Amino acid sequence: MKKKTVLDILEMMEKGEKITMLTAYDYVMASILDEAGTDLLLVGDTMGMVVHGNPTTLPVTLEDSIRHTQAVARGAKQAMVIGDLPFGTFQVSVEETVRNVIKLVKIGNAETVKLEGGSERCEAVKKILDAGIPVMGHLGLTPQSIHKFGGFKVQGKTEESARLLLEESKQLEKAGIFSLVLEAIPWKVAKKITDSLSIPTIGIGAGPYCDGQVLVTYDLLGYFDFGAKFVKRYLNLKEQILKAIQEYNREVREGIFPDLSYSYE
Ligand code: KIV
């Protein structure tokens, strides 16, 4: 099976084909998302909340990101794997950023990396590209900045903040990102940005006019609840798991499971 590359993603945008992206943190889920034909698998730092139970993404470490990216990469036969740069791994200096990115690619097997932020990241983006690694940008509600935003709040709602988002997206494109995540911004702002760029935008809570869409997989499966308006539930997995586990507990307690058909002679 042919692995998708940044060239395929750009070609999809040029042909007007929507790009699908989902988060994955482990091998089994990555294998299923890959088999379903998902184009991009993001080993998002949402792992800090979904997998590790933290209230924010801020505690995620580079080691966490590397370990989960390794597992996802083993399951991705055709999807392109994006390693997410956790908080603290790209804010100190460009040199340190490049060193961390190289670890995420060399040890974690990421094929591209994503980092949050605007024009302040342009220098790092260029240097990562110089190292031969494609970069995805991330603007809008960037969860690593929630303390600055005062919570998980929709961004770009005022004329000035929308103008700034457009400006930042253009600067990131100029620096060389191959794609841009737009999170929790008004759809009109996302559309304007999408129409203004020649690289694909991937929306999450940014309306239907982006070139692609991303969701946290456990959210759409009904396995975890961020409680965001933009999440469509395609399954109620938590309810199904609860039912199955309650039945297992009851059968064990009542001596129903295992019967002899599940036992060795
Ligand atoms: O970390 C993550 O999962 C993300 C997506 C929600 C875009 O950044």
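Tutor: Helix H8 contributes four residues to the lining of the second largest pocket, the most of any element. Helices (H or I, at least four residues) and strands (E, at least two) are DSSP runs, numbered from the N terminus. The model is predicted: local features need pLDDT of at least 70, side-chain atom pairs count only at pLDDT 80 or more, and totals for chains, interfaces and linings use all residues. Residues are numbered from 1 along each chain as its sequence is written, and side-chain values use heavy atoms, with hydrogens and water left out.

A pocket is found on a 1 Å grid over the protein atoms alone, with a 1.4 Å probe; it is an open set of points with protein on both sides within 12 Å along at least five of seven lines, and lining residues have an atom within 4 Å of a point.

Stay with the second largest pocket. It holds about 380 Å³ of space. That volume is the space filled by probe spheres set on the points, which are joined across faces, edges and corners. Its lining counts 21 residues, and Glu120, Gly140, Thr142, Lys148 and Phe149 lie nearest its centre. Strand E5 (135-140), helix H7 (146-149) and helix H8 (159-175) each give at least two lining residues. By type, the lining has six nonpolar, 10 polar and five charged residues. Here Ala, Val, Leu, Ile, Met, Phe, Trp, Tyr, Cys and Pro count as nonpolar, Asp, Glu, Lys and Arg as charged, and the others, Gly among them, as polar.

Now the largest pocket. Its volume is about 1,000 Å³. It is lined by 46 residues; Ile204, Gly205, Val214, Leu215 and Phe230 lie nearest its centre. Two or more lining residues come from each of strand E1 (19-23), strand E6 (179-183), strand E8 (212-215) and helix H10 (217-220). E1 gives the largest share, five residues. The lining splits into 25 nonpolar, 11 polar and 10 charged residues.

The ligand sits in this largest pocket (more than half of its atoms lie within 2 Å of the grid points). Around the ligand stand Thr23, Leu42, Gly44, Asp45, Thr46, Asp84, Lys114, His138, Ile204 and Val216, each with a heavy atom within 4 Å of it. This shell has three nonpolar, four polar and three charged residues.

Polar contacts come next: pairs of N or O atoms within 3.5 Å. The side chain of Thr46 has an N or O atom 2.5 Å from an oxygen atom of the ligand. For Asp45, a polar side-chain atom is 2.9 Å from a ligand oxygen atom. For Asp84, the distance from a polar side-chain atom to a ligand oxygen atom is 3.2 Å. The protein covers 97% of the 260 Å² of accessible area that the ligand has on its own, by the Shrake-Rupley method with a 1.4 Å probe.

Definitions and conventions. Polar contact = N/O pair within 3.5 Å; in protein donor to acceptor, adjacent residues only side chain to side chain.
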